[in-house]
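Please look over the model below before reading my comments. They are brief and can be checked by eye.

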Amino acid sequence: PAWLRRLCGQLLSERLMRPSGVQAVVRGIMEGTGAGGTGAEAAAVDWRKCDTVAKILASCPQQCLSLEDYYRLVCPQILDLLHIRDKLTARQFQRVATTTLLTMAKEHPQLAEKHLVQPMLAPLLRCLDT
C-alpha cells in the first residue's frame, strides 16, 4: 500500500541522515549477501544488491529540505564506507560507495565534486601544496 511505502521511505530517509546511518542501512540491506548458491550466482546477487543500495543512497528523499543538505549529510558517510577493515564487508561497502559516487557524479556533478571528490582529493592536494 502507498501509506506503507511512504512510511518506510520516511523511516529510511531519517536513518540515512543520522550519524552512521548510511553504514547501518547498508549493513541491514547487505546482511547475508554472498551466502548460498554457486559463486557466480552469489556474485550476481551481491552486485545487484550493491547497485540497489547505491541507487537508494544517491536519491535525495522527499523529506529532505534540499539536495545540498542531503549531500552534506550523506556524502561524508559514503566516503567512510571506503575505510571498513573487515575484508568481506569492505568489498561490498566499497562497491556500494563507488557505485553511489558514480551515480551522484552523473546526476549532480557540482554537488558530487564539492562533497565527494574534493574531500577524497584533499590529502593529495595538501601534499602538492607543500
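Predicted model: local features only at pLDDT ≥ 70, side-chain atom pairs only at ≥ 80, totals over all residues.

1. Residues are numbered from 1 along each chain as its sequence is written, and side-chain values use heavy atoms, leaving out hydrogens and water.

2. The largest pocket has a volume of about 230 Å³. A pocket is an open set of points on a 1 Å grid over the protein atoms alone, where a 1.4 Å probe fits, with protein on both sides within 12 Å along at least five of seven lines. The volume is the space filled by probe spheres set on the points, which are joined across faces, edges and corners.

3. Fifteen residues line this pocket, and Gly9, Ser13, Pro61, Gln62 and Gln63 lie nearest its centre. Lining means having an atom within 4 Å of a point. Helix α1 (2-16) and helix α3 (39-58) each give two or more residues. The most come from α1, with seven. Helices are DSSP runs (H or I, at least four residues), numbered from the N terminus.

4. Helices α4 (residues 67-80) and α5 (residues 87-107) pack at about 150 degrees, with axes 10 Å apart. Axes are lines fitted to C-alpha atoms over the stretch in contact, and angles run from 0 to 180 degrees between N-to-C directions. From α4, Tyr70, Tyr71, Cys75 and Ile78 make the contact (heavy atoms within 4.5 Å). From α5 come Ala97, Thr100 and Met104.

5. Ser20 is not a glycine, yet its phi is positive, about 65 degrees. Ser20 sits in the loop between α1 and α2 (21-30).
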